[in-house]
Amino acid sequence: MSIRIIPKAEINIPELVELIQQGHLLAIPTETVYGLAANASDEEALKKIYRLKNRPENHPLIIHIAPPRMEEDQSAFWERELSRWSSDVPPQAIALAEAFWPGPLTLILKKSRQVSDFVTGGQNTVGIRVPRHDLTIQILQAFGSGLAAPSANRFGRISPTSAQHVLEEFLNFMGDESLTILDGGQCEVGIESTILDLSRIDEVGPVILRPGMITAEDIFSVLGGEVSTNTHSEIRHSGGVLGHYAPQTLLISKETETLCTNDFMPQKIGVVTFGNFKELQDKWSSQLVDWYFLPKDADTVARSLYGLLRDLDNRGYQKIIFDQLPQDLAWSAIQDRLTRAIYGSGQH
Ligand code: TXA
Ligand code: MG
(Lines give C-alpha, C1' and ligand atoms only; values in the text may rest on other atoms or scores of the structure.)
(Ligands and ions follow the chains in the order given, each with its own letter.)
Protein backbone atom coordinates (compact mmCIF):
# COMPACT_ATOMS: atom_id res chain seq x y z
CA MET A 1 0.00 0.00 0.00
CA SER A 2 2.61 2.50 -1.00
CA ILE A 3 3.66 4.51 -3.99
CA ARG A 4 7.04 6.15 -4.47
CA ILE A 5 9.16 7.79 -7.16
CA ILE A 6 12.83 6.79 -7.39
CA PRO A 7 15.01 9.55 -8.92
CA LYS A 8 17.22 8.40 -11.78
CA ALA A 9 20.45 8.85 -9.79
CA GLU A 10 19.23 6.47 -7.06
CA ILE A 11 18.15 3.64 -9.32
CA ASN A 12 19.74 0.28 -8.56
CA ILE A 13 19.10 -2.21 -11.38
CA PRO A 14 19.63 -5.48 -9.44
CA GLU A 15 17.19 -4.29 -6.75
CA LEU A 16 14.58 -3.53 -9.39
CA VAL A 17 15.03 -6.93 -11.01
CA GLU A 18 14.45 -8.48 -7.61
CA LEU A 19 11.24 -6.49 -7.20
CA ILE A 20 10.04 -7.74 -10.59
CA GLN A 21 10.88 -11.32 -9.66
CA GLN A 22 8.91 -10.94 -6.44
CA GLY A 23 5.83 -9.94 -8.44
CA HIS A 24 5.87 -6.19 -7.77
CA LEU A 25 4.69 -3.50 -10.16
CA LEU A 26 7.07 -0.91 -11.57
CA ALA A 27 6.22 2.19 -13.57
CA ILE A 28 8.88 2.34 -16.29
CA PRO A 29 9.85 5.19 -18.60
CA THR A 30 9.78 4.55 -22.34
CA GLU A 31 10.24 6.89 -25.29
CA THR A 32 6.44 6.95 -25.86
CA VAL A 33 4.68 7.05 -22.47
CA TYR A 34 5.30 5.53 -19.02
CA GLY A 35 4.28 1.88 -18.68
CA LEU A 36 2.84 0.00 -15.69
CA ALA A 37 5.08 -3.06 -15.80
CA ALA A 38 5.18 -6.56 -14.36
CA ASN A 39 6.83 -9.87 -15.20
CA ALA A 40 4.95 -11.07 -18.32
CA SER A 41 5.12 -14.67 -17.04
CA ASP A 42 3.71 -13.99 -13.55
CA GLU A 43 -0.09 -14.21 -13.61
CA GLU A 44 -0.57 -12.85 -10.10
CA ALA A 45 1.52 -9.79 -10.98
CA LEU A 46 -0.43 -9.32 -14.22
CA LYS A 47 -3.70 -9.35 -12.27
CA LYS A 48 -2.34 -6.44 -10.22
CA ILE A 49 -1.88 -4.40 -13.39
CA TYR A 50 -5.50 -4.93 -14.43
CA ARG A 51 -6.74 -4.12 -10.92
CA LEU A 52 -4.73 -0.96 -10.50
CA LYS A 53 -5.56 0.33 -13.97
CA ASN A 54 -9.18 -0.71 -13.58
CA ARG A 55 -8.86 -2.25 -17.01
CA PRO A 56 -11.04 -5.11 -18.32
CA GLU A 57 -9.07 -8.39 -18.22
CA ASN A 58 -9.84 -9.16 -21.85
CA HIS A 59 -7.76 -6.20 -23.07
CA PRO A 60 -4.32 -7.55 -24.03
CA LEU A 61 -1.02 -6.11 -22.78
CA ILE A 62 2.11 -5.38 -24.82
CA ILE A 63 5.22 -7.38 -23.88
CA HIS A 64 8.39 -5.27 -23.74
CA ILE A 65 11.67 -7.02 -24.51
CA ALA A 66 15.35 -5.99 -24.59
CA PRO A 67 17.29 -5.12 -27.76
CA PRO A 68 20.47 -7.02 -28.71
CA ARG A 69 23.75 -5.98 -27.14
CA MET A 70 26.22 -4.19 -29.41
CA GLU A 71 28.24 -7.24 -30.36
CA GLU A 72 25.29 -9.48 -31.26
CA ASP A 73 24.06 -10.26 -34.76
CA GLN A 74 20.77 -8.36 -35.01
CA SER A 75 18.81 -10.55 -37.34
CA ALA A 76 19.70 -13.80 -35.50
CA PHE A 77 18.87 -12.11 -32.21
CA TRP A 78 15.39 -10.95 -33.33
CA GLU A 79 14.65 -14.35 -34.84
CA ARG A 80 15.52 -16.07 -31.55
CA GLU A 81 13.84 -13.54 -29.22
CA LEU A 82 10.63 -13.23 -31.20
CA SER A 83 10.38 -17.01 -31.44
CA ARG A 84 10.19 -17.16 -27.64
CA TRP A 85 6.92 -15.24 -27.73
CA SER A 86 5.54 -16.06 -31.16
CA SER A 87 4.89 -19.38 -32.90
CA ASP A 88 5.16 -17.80 -36.34
CA VAL A 89 7.68 -15.01 -36.96
CA PRO A 90 7.34 -13.72 -40.54
CA PRO A 91 10.45 -12.27 -42.23
CA GLN A 92 8.67 -8.89 -42.28
CA ALA A 93 8.80 -8.84 -38.47
CA ILE A 94 12.59 -9.24 -38.53
CA ALA A 95 12.96 -6.51 -41.16
CA LEU A 96 10.83 -4.09 -39.12
CA ALA A 97 12.67 -4.96 -35.90
CA GLU A 98 15.98 -4.18 -37.59
CA ALA A 99 14.64 -0.90 -38.94
CA PHE A 100 12.71 0.47 -35.95
CA TRP A 101 13.69 -1.26 -32.70
CA PRO A 102 14.35 0.04 -30.14
CA GLY A 103 11.54 2.43 -31.02
CA PRO A 104 7.81 3.25 -30.99
CA LEU A 105 6.47 0.25 -32.94
CA THR A 106 4.49 -2.69 -31.53
CA LEU A 107 4.18 -5.84 -33.63
CA ILE A 108 1.20 -8.17 -33.26
CA LEU A 109 2.20 -11.78 -33.98
CA LYS A 110 0.69 -15.21 -33.43
CA LYS A 111 1.46 -16.10 -29.83
CA SER A 112 3.57 -19.03 -28.71
CA ARG A 113 2.31 -21.50 -26.12
CA GLN A 114 4.36 -20.02 -23.32
CA VAL A 115 2.49 -16.69 -23.45
CA SER A 116 -0.06 -16.38 -20.67
CA ASP A 117 -3.74 -15.73 -21.45
CA PHE A 118 -3.52 -12.89 -18.94
CA VAL A 119 -1.21 -11.05 -21.33
CA THR A 120 -3.19 -11.68 -24.50
CA GLY A 121 -6.68 -11.27 -23.07
CA GLY A 122 -7.38 -14.81 -24.28
CA GLN A 123 -6.57 -14.00 -27.93
CA ASN A 124 -4.19 -16.07 -30.04
CA THR A 125 -1.91 -13.13 -30.79
CA VAL A 126 0.67 -11.23 -28.78
CA GLY A 127 1.93 -7.63 -28.95
CA ILE A 128 5.74 -7.16 -28.68
CA ARG A 129 7.84 -4.05 -28.57
CA VAL A 130 11.35 -2.89 -27.70
CA PRO A 131 11.27 0.48 -25.95
CA ARG A 132 13.95 3.10 -26.59
CA HIS A 133 14.91 4.28 -23.13
CA ASP A 134 18.32 3.58 -21.54
CA LEU A 135 17.06 2.84 -18.08
CA THR A 136 14.29 0.48 -19.18
CA ILE A 137 16.65 -1.27 -21.59
CA GLN A 138 19.09 -1.87 -18.71
CA ILE A 139 16.29 -3.37 -16.62
CA LEU A 140 15.10 -5.59 -19.47
CA GLN A 141 18.62 -6.82 -20.18
CA ALA A 142 19.28 -7.59 -16.52
CA PHE A 143 15.87 -9.27 -16.13
CA GLY A 144 16.38 -11.36 -19.27
CA SER A 145 12.70 -11.84 -20.05
CA GLY A 146 9.61 -9.81 -21.00
CA LEU A 147 7.76 -7.13 -19.06
CA ALA A 148 4.07 -6.72 -19.81
CA ALA A 149 3.12 -3.06 -19.61
CA PRO A 150 0.12 -0.98 -20.58
CA SER A 151 0.33 2.80 -20.34
CA ALA A 152 0.52 3.77 -16.64
CA ASN A 153 -2.83 5.54 -16.41
CA ARG A 154 -6.24 4.53 -15.17
CA PHE A 155 -8.41 3.03 -17.91
CA GLY A 156 -9.63 5.64 -20.41
CA ARG A 157 -7.54 8.50 -19.04
CA ILE A 158 -4.64 10.47 -20.50
CA SER A 159 -1.37 8.51 -20.73
CA PRO A 160 1.49 9.73 -18.51
CA THR A 161 4.64 11.23 -20.00
CA SER A 162 6.43 11.95 -16.70
CA ALA A 163 6.94 10.18 -13.37
CA GLN A 164 4.86 12.87 -11.70
CA HIS A 165 1.90 12.11 -14.00
CA VAL A 166 2.03 8.45 -12.93
CA LEU A 167 2.03 9.47 -9.29
CA GLU A 168 -1.00 11.72 -9.84
CA GLU A 169 -2.84 8.90 -11.64
CA PHE A 170 -2.56 6.35 -8.86
CA LEU A 171 -1.96 8.24 -5.63
CA ASN A 172 -5.55 7.92 -4.45
CA PHE A 173 -6.22 4.49 -5.95
CA MET A 174 -3.49 2.28 -4.50
CA GLY A 175 -5.68 0.04 -2.31
CA ASP A 176 -3.50 -2.88 -1.25
CA GLU A 177 -1.02 -2.53 -4.11
CA SER A 178 2.39 -0.95 -4.03
CA LEU A 179 4.06 0.78 -6.95
CA THR A 180 7.62 1.93 -7.58
CA ILE A 181 7.85 4.67 -10.21
CA LEU A 182 11.21 5.08 -11.94
CA ASP A 183 11.91 8.65 -12.92
CA GLY A 184 13.46 8.54 -16.36
CA GLY A 185 12.54 12.11 -17.28
CA GLN A 186 10.00 13.29 -19.80
CA CYS A 187 9.10 10.89 -22.63
CA GLU A 188 10.77 11.80 -25.88
CA VAL A 189 8.02 10.80 -28.35
CA GLY A 190 5.03 11.50 -26.10
CA ILE A 191 2.26 9.38 -27.65
CA GLU A 192 1.88 5.60 -27.71
CA SER A 193 3.58 3.29 -30.20
CA THR A 194 2.22 2.45 -33.63
CA ILE A 195 0.54 -0.98 -33.42
CA LEU A 196 1.04 -3.09 -36.54
CA ASP A 197 -0.76 -6.41 -36.94
CA LEU A 198 1.39 -8.97 -38.77
CA SER A 199 -0.53 -11.98 -37.46
CA ARG A 200 -2.56 -12.32 -40.66
CA ILE A 201 0.00 -10.93 -43.06
CA ASP A 202 -0.42 -13.75 -45.60
CA GLU A 203 -4.14 -13.14 -45.84
CA VAL A 204 -4.53 -9.36 -45.47
CA GLY A 205 -1.02 -7.82 -45.41
CA PRO A 206 0.24 -5.60 -42.57
CA VAL A 207 -2.53 -3.66 -40.79
CA ILE A 208 -2.07 -0.63 -38.53
CA LEU A 209 -4.41 -0.98 -35.52
CA ARG A 210 -3.26 2.17 -33.75
CA PRO A 211 -1.42 5.00 -35.53
CA GLY A 212 1.74 6.34 -33.93
CA MET A 213 4.74 8.43 -34.87
CA ILE A 214 6.05 5.60 -37.07
CA THR A 215 3.70 6.10 -40.00
CA ALA A 216 2.29 3.84 -42.74
CA GLU A 217 4.84 5.47 -45.05
CA ASP A 218 7.73 4.52 -42.74
CA ILE A 219 6.49 0.92 -42.67
CA PHE A 220 5.99 0.91 -46.43
CA SER A 221 9.58 2.10 -46.88
CA VAL A 222 10.75 -1.16 -45.27
CA LEU A 223 8.15 -3.67 -46.46
CA GLY A 224 6.88 -2.23 -49.75
CA GLY A 225 3.51 -3.63 -50.78
CA GLU A 226 0.38 -2.35 -49.11
CA VAL A 227 -0.03 -1.15 -45.53
CA SER A 228 -3.64 -0.74 -44.49
CA THR A 229 -5.15 0.86 -41.41
CA ASN A 230 -8.02 -0.52 -39.37
CA THR A 231 -8.48 1.27 -36.08
CA HIS A 232 -11.90 -0.38 -35.67
CA SER A 233 -10.65 -3.96 -35.84
CA GLU A 234 -12.65 -6.60 -34.01
CA ILE A 235 -9.63 -7.24 -31.79
CA ARG A 236 -10.20 -5.71 -28.38
CA HIS A 237 -7.75 -2.95 -27.81
CA SER A 238 -8.35 0.03 -25.62
CA GLY A 239 -6.71 2.44 -28.03
CA GLY A 240 -9.66 1.37 -30.20
CA VAL A 241 -12.21 2.64 -27.70
CA LEU A 242 -13.54 5.92 -29.04
CA GLY A 243 -13.63 7.94 -25.81
CA HIS A 244 -10.05 7.35 -24.72
CA TYR A 245 -7.21 9.63 -23.54
CA ALA A 246 -9.87 12.00 -22.22
CA PRO A 247 -9.67 15.11 -20.02
CA GLN A 248 -12.58 15.86 -17.70
CA THR A 249 -12.99 19.38 -19.05
CA LEU A 250 -15.02 19.76 -22.26
CA LEU A 251 -12.57 19.77 -25.18
CA ILE A 252 -13.53 20.89 -28.68
CA SER A 253 -11.65 21.39 -31.92
CA LYS A 254 -11.99 24.63 -33.86
CA GLU A 255 -9.74 26.58 -36.16
CA THR A 256 -8.71 29.50 -33.95
CA GLU A 257 -8.75 31.88 -36.93
CA THR A 258 -12.53 31.44 -36.95
CA LEU A 259 -13.19 32.04 -33.23
CA CYS A 260 -16.25 34.20 -32.62
CA THR A 261 -17.79 35.89 -29.58
CA ASN A 262 -19.98 32.86 -28.89
CA ASP A 263 -16.91 30.74 -28.27
CA PHE A 264 -16.06 32.78 -25.20
CA MET A 265 -17.79 31.97 -21.95
CA PRO A 266 -18.78 33.78 -18.78
CA GLN A 267 -16.03 31.73 -17.14
CA LYS A 268 -12.47 31.26 -18.21
CA ILE A 269 -11.57 29.06 -21.19
CA GLY A 270 -8.23 27.75 -22.50
CA VAL A 271 -7.36 28.02 -26.19
CA VAL A 272 -4.53 26.04 -27.78
CA THR A 273 -3.47 27.57 -31.08
CA PHE A 274 -0.89 27.45 -33.85
CA GLY A 275 -1.82 31.05 -34.63
CA ASN A 276 -0.03 34.32 -34.20
CA PHE A 277 0.34 35.38 -30.58
CA LYS A 278 0.09 39.12 -31.13
CA GLU A 279 -2.81 39.02 -33.59
CA LEU A 280 -4.96 36.77 -31.43
CA GLN A 281 -4.33 38.74 -28.27
CA ASP A 282 -5.09 42.03 -30.00
CA LYS A 283 -8.26 40.67 -31.52
CA TRP A 284 -9.54 39.02 -28.34
CA SER A 285 -8.46 41.18 -25.48
CA SER A 286 -10.70 39.19 -23.12
CA GLN A 287 -9.54 38.44 -19.58
CA LEU A 288 -11.53 35.22 -19.76
CA VAL A 289 -9.13 33.31 -21.96
CA ASP A 290 -5.69 31.81 -21.51
CA TRP A 291 -3.76 31.24 -24.74
CA TYR A 292 -1.38 28.33 -25.33
CA PHE A 293 0.79 28.60 -28.41
CA LEU A 294 2.17 25.55 -30.20
CA PRO A 295 4.68 25.37 -33.06
CA LYS A 296 3.40 23.63 -36.20
CA ASP A 297 5.80 20.76 -35.73
CA ALA A 298 4.31 17.28 -35.29
CA ASP A 299 7.17 15.85 -33.18
CA THR A 300 7.04 18.78 -30.75
CA VAL A 301 3.25 18.64 -30.45
CA ALA A 302 3.27 14.85 -29.90
CA ARG A 303 5.85 15.28 -27.15
CA SER A 304 3.86 17.93 -25.31
CA LEU A 305 0.26 16.88 -26.06
CA TYR A 306 -0.58 14.76 -23.01
CA GLY A 307 1.25 17.00 -20.54
CA LEU A 308 -0.60 19.99 -21.95
CA LEU A 309 -4.00 18.27 -21.78
CA ARG A 310 -3.36 17.28 -18.15
CA ASP A 311 -2.26 20.78 -17.27
CA LEU A 312 -5.29 22.35 -18.96
CA ASP A 313 -7.58 19.87 -17.26
CA ASN A 314 -6.29 20.96 -13.84
CA ARG A 315 -6.98 24.64 -14.42
CA GLY A 316 -10.74 24.58 -13.98
CA TYR A 317 -11.61 25.99 -17.42
CA GLN A 318 -15.18 25.85 -18.56
CA LYS A 319 -13.93 24.47 -21.86
CA ILE A 320 -10.78 23.99 -23.89
CA ILE A 321 -10.62 24.87 -27.59
CA PHE A 322 -7.90 23.13 -29.58
CA ASP A 323 -6.90 24.53 -32.97
CA GLN A 324 -7.38 22.29 -36.03
CA LEU A 325 -4.36 20.16 -36.83
CA PRO A 326 -2.65 20.09 -40.23
CA GLN A 327 -4.16 17.28 -42.29
CA ASP A 328 -1.05 15.43 -43.50
CA LEU A 329 0.18 11.96 -42.54
CA ALA A 330 2.78 13.21 -40.04
CA TRP A 331 -0.10 14.43 -37.84
CA SER A 332 -2.40 11.40 -38.16
CA ALA A 333 -1.48 9.82 -34.81
CA ILE A 334 -1.88 13.14 -33.00
CA GLN A 335 -5.24 13.64 -34.73
CA ASP A 336 -6.28 10.14 -33.62
CA ARG A 337 -5.51 10.86 -29.93
CA LEU A 338 -7.07 14.30 -30.02
CA THR A 339 -10.28 13.01 -31.63
CA ARG A 340 -10.63 10.36 -28.91
CA ALA A 341 -9.81 12.88 -26.17
CA ILE A 342 -12.51 15.20 -27.53
CA TYR A 343 -15.04 12.39 -27.71
CA GLY A 344 -14.47 11.28 -24.11
CA SER A 345 -14.09 14.79 -22.63
CA GLY A 346 -16.50 16.75 -20.44
CA GLN A 347 -17.87 13.77 -18.56
CA HIS A 348 -17.63 15.50 -15.19
O1 TXA B 1 3.78 3.02 -26.47
C2 TXA B 1 3.14 2.09 -26.01
O3 TXA B 1 2.69 1.17 -26.72
C4 TXA B 1 2.89 2.09 -24.50
C5 TXA B 1 4.22 1.90 -23.78
C6 TXA B 1 4.06 1.78 -22.30
O7 TXA B 1 4.87 0.79 -24.32
N8 TXA B 1 1.99 1.05 -24.15
C9 TXA B 1 0.68 1.11 -24.39
O10 TXA B 1 -0.05 0.06 -23.86
O11 TXA B 1 0.15 2.03 -24.99
P12 TXA B 1 -1.63 0.07 -23.71
O13 TXA B 1 -1.97 -1.23 -23.09
O14 TXA B 1 -2.06 1.28 -23.01
O15 TXA B 1 -2.08 0.07 -25.18
C16 TXA B 1 -1.72 -1.05 -25.97
C17 TXA B 1 -2.78 -1.37 -26.93
C18 TXA B 1 -4.05 -1.74 -26.20
O19 TXA B 1 -5.12 -1.09 -26.86
C20 TXA B 1 -4.09 -3.23 -26.35
O21 TXA B 1 -5.40 -3.72 -26.35
C22 TXA B 1 -3.39 -3.42 -27.70
O23 TXA B 1 -2.35 -2.52 -27.62
N24 TXA B 1 -2.88 -4.78 -27.84
C25 TXA B 1 -2.01 -5.42 -27.06
N26 TXA B 1 -1.84 -6.69 -27.46
C27 TXA B 1 -2.63 -6.83 -28.54
C28 TXA B 1 -2.94 -7.92 -29.40
N29 TXA B 1 -2.40 -9.11 -29.22
N30 TXA B 1 -3.81 -7.71 -30.40
C31 TXA B 1 -4.37 -6.49 -30.59
N32 TXA B 1 -4.14 -5.44 -29.80
C33 TXA B 1 -3.28 -5.60 -28.79
MG1 MG C 1 -3.19 2.95 -22.78
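1. (A salt bridge here is a side-chain nitrogen of Lys or Arg within 4 Å of a carboxyl oxygen of Asp or Glu.) Because Arg337 sits in helix H12 (residues 332-344) and Glu192 in the loop between strand E9 (178-182) and strand E10 (194-197), the pair ties together parts that are 145 residues apart in sequence. Helices (H or I, at least four residues) and strands (E, at least two) are DSSP runs, numbered from the N terminus. Arg337 counts as buried at 1% relative accessibility, and Glu192 is buried at 4%. Buried means under 20% relative accessible area, exposed over 50%, and partly exposed in between (1.4 Å probe, protein chains only).

2. Before going on, please note that this is a predicted model, in which local features need pLDDT of at least 70 and side-chain atom pairs count only at pLDDT 80 or more, while totals for chains, interfaces and linings use all residues. Residues are numbered from 1 along each chain as its sequence is written, chains are lettered from A and ligands numbered from 1 in the order in which they are written, and side-chain values use heavy atoms, leaving out hydrogens and water.

3. The whole structure has 18 salt bridges. One of them joins Arg129 to Glu31, with 2.9 Å between the closest N and O atoms. Arg129 belongs to strand E7 (residues 125-129), and Glu31 to the loop between strand E2 (25-28) and strand E3 (35-39), 98 residues apart. Arg129 is buried at 2% relative accessibility, and Glu31 is buried at 1%.

4. Two further items are worth a look. Asp263 and Lys254 form a salt bridge, again with a closest N to O distance of 2.9 Å, and both residues are buried. Elsewhere, salt bridges link Glu72, Arg80, Glu81 and Arg84 in a network.

5. Now for the aromatic rings: Phe77, Trp78 and Trp101 are linked into a cluster by ring pairs. Rings of Phe, Tyr and Trp (its six-membered ring) pair if their centres lie within 6.5 Å; planes under 30 degrees apart count as stacked, over 60 as edge-to-face and the rest as tilted. The structure holds 7 such pairs. Phe77 and Trp78 are edge-to-face, at 5.2 Å centre to centre and 75 degrees between the planes. Trp78 and Trp101 have centres 5.2 Å apart and planes at 65 degrees, so this pair is edge-to-face. Trp78 has a relative accessible area of 0%, and Trp101 one of 5%.
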